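Here is a short report on one protein chain. Keep the structure in view while you read.

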Amino acid sequence: MPFDNAIYQGSWILMNLVFVSHVVYYKNYNTVIEILKKQKIYLVLFVLLCLVMAISNALNTDVLGPKSWKIIVYFVLRFALIFLALCYFIKIYNFSEKFILYSCIIGVCFLVSAGLYEIITNYQNIFFYKNSRYGLEGFLRNRNGFGLMIGIGFTIILFYLKNTAFKAVLLSIFALLIIFSFSRSAWVASSAATLFYVAINIKKFKKEYFYFALLFCFGVLVLYYFSDSLQHRFSTLVQGNSSHRFGIWQYSYEMFLKQPFFGWGIDSFRFVPNAPYLTNPNYSAPHNMIMELLYSTGSLGFIAFMGLNLAIFIHLVKTKNTKVIGFFIFAFVVCQFDYGLFNTKELLSYVTVFCFIGLKDRIIA
């Protein structure tokens, strides 16, 4: 599970080693070739994206960060090769996707335990501090990171667990932790996923679900009335306080216009002359997936990546896989405020898993 720790760093490496060793030992090269042929359109677009990333770096060697080339290598090994490994093993062993989903839920529930403990031991700062400085962080040392992970768990539970009292309780706990992480991106992304879920399932809802939703909303209003910190954070959202993101996005777009085809290279945001990071260390990235794509890889990288997304989306629509679409709605929205395409390894690991779940029928067929 991608929790930004040493176990995760070692696990994806071991998984790749197991995959490669299994292919070599059993000489299953034809199986791998068959999988690649079935995923040909996605493979071509992904290779094109990586090629643009490499060209972008080669054209901007004087402003690259120390990890610029490493990020490209990890982008392939940590996501593309893991995706291929999952496809390979489901082809060989035909395992159930429920194993992966339940593992994700159990893993995020581990983070929930830390959030609940933090609320109990630090409730005065969490609820009653005059501003929203003390958001929940759990084990992650960052409230936005905690909100992201809990939001991922919330979305998986929302779309994949059956409608039972247990699901309602879990969603309530996750929603509470998302709220008091004070991560506005997690608020908005979780709300977007929820609205999509309601829209596609509204005819199936029983009146008990609406009563529970009203009860939960009433509880949130009570918390809002008593919590100074929640009022402060919510006011920054409705007032359009972007925490300087509007300025960062404008700068990113202006820099894209200067090099519109290949951009400035991967992980170059902090090293280009006059970068916002030089005056404020908090401005270390565009904080927007689209702006990061345009800034780092230009229009060609943007076209390759969005083409890959469009191809996957078309397949999901054709197969009516609304559950995976719901997860991608969460991921897409949250990436417009806090996260990027190349460095957010935790979120991208989940995206890789759900790409596999959404496309696995092409492998099994």
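## Aromatic residues

Phe 159, Phe 196, Tyr 197, Phe 205 and Phe 210 form one aromatic cluster. Rings of Phe, Tyr and Trp (its six-membered ring) count as a pair if their centres lie within 6.5 Å. Planes under 30 degrees apart are stacked, those over 60 are edge-to-face, and the rest are tilted. By that rule the structure holds 29 aromatic pairs. One of them joins Phe 327 and Phe 328. Their ring centres are 6.0 Å apart, with 65° between the planes, an edge-to-face pair.

Are these two residues buried or exposed? Phe 327 is buried, at 2% relative accessible area. Phe 328 is buried as well, at 19%. Buried means under 20% relative accessible area, exposed means over 50%, and partly exposed lies in between (1.4 Å probe, protein chains only).

The model is predicted: local features need pLDDT of at least 70, side-chain atom pairs count only at pLDDT 80 or more, and totals for chains, interfaces and linings use all residues. Residues are numbered from 1 along each chain as its sequence is written, and side-chain values use heavy atoms, with hydrogens and water left out.

## Helix α7

Helices are DSSP runs (H or I, at least four residues), numbered from the N terminus. Helix α7 covers residues 143-160. How many of its residues are buried? The count is 18 of 18, so α7 is mostly covered.

The length of α7 also fits. At 1.5 Å a residue, its 18 residues should span 26 Å. The expected span is 1.5 Å times one less than the number of residues. The end C-alpha atoms of α7 are 26 Å apart, which agrees.

Asn 142 caps the N-terminal end of α7. A side-chain oxygen of Asn 142 lies 2.9 Å from the backbone nitrogen of Asn 144.

## A nonpolar surface patch

Now look at the surface. Tyr 123, Phe 128, Leu 215, Phe 218, Val 222, Tyr 225 and Phe 226 form a nonpolar patch there. Together they have about 800 Å² of accessible area. Such areas come from the Shrake-Rupley method with a 1.4 Å probe, and for residues only the protein chains shown count as cover. Patch residues have over 30% relative accessible area and no salt bridge, and nonpolar side chains (Val, Leu, Ile, Met, Phe, Trp, Tyr) are joined within 5 Å.

Which helices each supply at least two residues of the patch? They are α6 (123-128) and α10 (207-226). The largest share, five residues, comes from α10. Val 222 sits in α10. It counts as partly exposed, at 34% relative accessibility.

## Salt bridges

Side chains of opposite charge can pair when their charged atoms come close. A salt bridge here is a side-chain nitrogen of Lys or Arg within 4 Å of a carboxyl oxygen of Asp or Glu. The count comes to seven salt bridges. The table lists some of them.

| Pair | Closest N to O |
|---|---|
| Lys 91 and Glu 34 | 3.3 Å |
| Asp 267 and Arg 270 | 3.2 Å |

Lys 91 lies in helix α4 (residues 68-93) and Glu 34 in helix α2 (residues 29-38), so this pair ties together parts that are 57 residues apart in sequence. Both residues are partly exposed: Lys 91 at 28% and Glu 34 at 33%. Salt bridges that share partners join Glu 34, Lys 38 and Lys 91 into one network.

Glu 97 belongs to helix α5 (residues 97-121) and Lys 360 to helix α15 (residues 345-364), so their bridge ties together parts 263 residues apart in sequence. Glu 97 is partly exposed, at 21%, whereas Lys 360 is buried, at 17%.

## Two positive phi values

Most residues other than glycine have a negative phi. Asp 267, a residue other than glycine, has a positive phi near 60°. Its place is the loop between α12 (245-258) and α13 (289-318). Asp 267 is buried, at 14%. Its salt-bridge partner Arg 270 is partly exposed, at 26%.

Lys 320 is not a glycine either, yet its phi is positive, about 55°. Lys 320 lies in the loop between α13 and α14 (322-334). At 71% relative accessibility, Lys 320 counts as exposed.

Notes
Patches are made of residues with over 30% relative accessible area and no salt bridge: like charges are joined within 9 Å, nonpolar side chains (Val, Leu, Ile, Met, Phe, Trp, Tyr) within 5 Å. A polar contact is a pair of N or O atoms within 3.5 Å; within protein, one must be able to donate a hydrogen and the other to accept it, and residues adjacent in sequence count only if both atoms are side-chain atoms.
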